[in-house]
Amino acid sequence: MYFNERIETMERLQLRQLQSERLVKLVKYTYDNVKFYRERMDEAGVKPEDIKSIDDISKLPFMKKQDLRDYYPTDTFAAPMKDIVRFHASSGTTGKPIVAGYTQHDLDCWSEGVARCLTAYGVTKEDVVQVSYGYGLFTGGLGAHDGAQKVGAAVLPTSSGNTSKQILLMKDLKTTALCCTPSYALFLAESIENDPNTDVEKDLHLRVGIFGAEPWTENMRKELENKLHIKAYDIYGLTEVSGPGVGGECEYQDGTHLWEDMFFPEIIDPVTLQPVEPGQEGELVFTTLTKEGMPVVRYRTRDLTHLIYDKCRCGRTMVRMGRILGRSDDMLIIRGVNVFPSTIESCILELPEFTGQYFVTVDRVNNVDTFDIEVELRPEFYGESMDKLLHIKDRLVGRLVSVLGIKPVVHIVEPNSIERSMGKAKHVLDKRKLSN
Ligand SMILES: [Zn+2]
C-alpha cells in the first residue's frame, strides 16, 4: 500500500526530471538567500545558471556538520524568520547543537515522508500509534507524531520514560504500533517480561515496531520481533536533513526506500570526495529538494552505506539504501582497527545467554589501546556454574575476534546492571578522547 502512489512509483526518468526542476530552483534560492552558499559557490567558481539539471549536482560544493555549527544558530536559514514555524535541535553532546528551522511547507513535507513510511509498514487509520520517542527538541517525537496523524491513526504521545505507565496505556488503549529507538524498545520489552501482570500474547495488541534514530542490526531486529511479537521496521532520518522519515523500509525489507523527490541522495568516496560507481559503498550525501527553512545542499551525513536503484518488488521506484554500517562518527579505531559498536552488538545477540545490553570502554595505557566490553547475562543463566560461564565467555570472545579482527576483554555482568537508555543509547566510553 502507498501513501502517495503517483510519487512513490514514478518512472525514474520522470523522477529525474522532477529532481532537476527542483534542484535548479533550490540552487538559485540558496544562492540568493544564504551567504554561506553564495560564498562557497563563488569560491568554487559555480554560478546558479551553471546548474541546469540534477546531473550538474556534482559541480556544487559540499556542506559539513561543522559548517552548521559555524553558522549557529540560524545563519544557514534561507527563509525569513516570520515564515519559520518550528525549531528543532540536535542533541549536541559536544559543543553547540545544530538548530533546524521549518516553514509550514517543510513540516508538511516531513510528515508526508513519515506517512509514506508508516503506510509501507501497514499502518492505517485503524491503528493506535504509541510514540515513545522523546518529544521536544529531538525530531523523533514530534516527527513521528505528525506523520501518524497524517495517516489518520490515533496517536498516543507517551514520549520516552515512565515505563510502567507506557505499558499500562499500551494495554488499555490497545496500542498496535510502537515508535521509539531500538534501545528503548529493548528496555520496554524487558520491562514487559518482568511485569507479572502483562503477557505479550494475551494482554498486548502490538503488531508493528517502528525503530530509528540509532543504527541497529538484523540480530536486534529478531530479538525485538520475538520479544514483542511484532514485525520491526527501520525508519531513517536526521535532523540536519529534516528528521525521521527521510526514508523507510517496505514490506520486503530489502533496503530502506529514500523519498528522493524531497531528499536527493548521493554516495561519495569520503577520501577523494568523488561519486562512487553505482552500488558501491561510501558516504551518504543529501540535498533537500523541497525545503525552505533550512535547506541543505550536498550535506555529508558521515553515514556509510550503498544505494540500490533496481525497482523493488513492492512497486516503488524510489532508490533503496543498504543497512547503515555505522555512522563514521560512531566508529572506533582500536589498535588501528575500525570497530563499529553495531558489529559488537550483533555478535552479542548471536548468543542466547546475553541480553542486548552492553557497554564498551576504550582507553590507552602505556601507549596501547585497551578494549573492554561488559555484557549482561539473561536472568535465566545467572545461576550457571563458573565453568559454564567461562565457556560462554570464550565463545563470545572467539566470535568477536573472528569478526572484528582484534581481541577485547569481555566482562560478564549480572542481569540489569547496565544502565538502560530512554532515548539514544550510549554504548561507548572512549577515555582516550577525555585525556586529549
Ligand atoms: Zn520496496
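# Zinc site, cores and domains of a predicted model

The zinc ion is coordinated by four atoms, namely Cys250 (SG), His257 (NE2), Cys312 (SG) and Cys314 (SG), at 2.1 to 2.3 Å; donors are N, O and S atoms within 2.8 Å of the metal (3.2 Å for Na, K and Ca), and sites may look incomplete, as water is not among the atoms. The model is predicted: local features need pLDDT of at least 70 and side-chain atom pairs count only at pLDDT 80 or more, while totals for chains, interfaces and linings use all residues. Residues are numbered from 1 along each chain as its sequence is written, and side-chain values use heavy atoms, with hydrogens and water left out.

**Zinc site**

- The arrangement is tetrahedral because the four donor atoms subtend angles of 102 to 114 degrees around the zinc ion, and four donors count as tetrahedral if all angles lie between 85 and 135 degrees.
- Along the chain, the donors of the zinc ion follow the spacing C-x6-H-x54-C-x1-C.
- Cys250 is buried at 0% relative accessibility, and His257 is buried at 1%; buried means under 20% relative accessible area, exposed over 50% and partly exposed in between (1.4 Å probe, protein chains only).

**Cysteines**

- The whole structure contains zero disulfides, a disulfide being a pair of cysteine sulfur atoms within 2.5 Å.
- Cys117 is in no disulfide, and its nearest cysteine sulfur, that of Cys179, is 10 Å away.
- Cys117 is buried, at 0% relative accessibility.

**Nonpolar cores**

- The largest nonpolar core has 71 residues, of which Leu23, Leu60, Tyr121, Val123, Ile210, Tyr236 and Phe286 touch the most other members; such a core is a set of buried Ala, Val, Leu, Ile, Met, Phe, Trp, Tyr and Cys residues joined through side-chain atoms within 4.5 Å.
- Helix H5 (residues 104–120) supplies the largest share of this core, seven residues; helices (H or I, at least four residues) are DSSP runs, numbered from the N terminus.
- A second, separate core of 24 residues includes Cys347, Leu389, Leu396 and Val410.
- Cys347 is buried, with a relative accessible area of 2%.

**Domains**

- The chain is divided into domain 1 (1–325) and domain 2 (332–435), with bounds that come from an automatic or database domain assignment.
- The contact between them takes 20 residues from domain 1 and 16 residues from domain 2, where contact means heavy atoms within 4.5 Å.
- Taken over C-alpha atoms, the centres of domain 1 and domain 2 are 30 Å apart.

**Arg40**

- Arg40 lies in helix H3 (residues 35–44) and is partly exposed, at 26% relative accessibility.
- Neighbours within four places in sequence aside, Arg40 is in contact with Pro61, Phe62 and Asp67.

Conventions
Four donors count as tetrahedral if all angles lie between 85 and 135 degrees; four count as square planar and six as octahedral if opposite donors are over 155 degrees apart and all others between 65 and 115; anything else is irregular. Helices (H or I, at least four residues) and strands (E, at least two) are DSSP runs, numbered from the N terminus.
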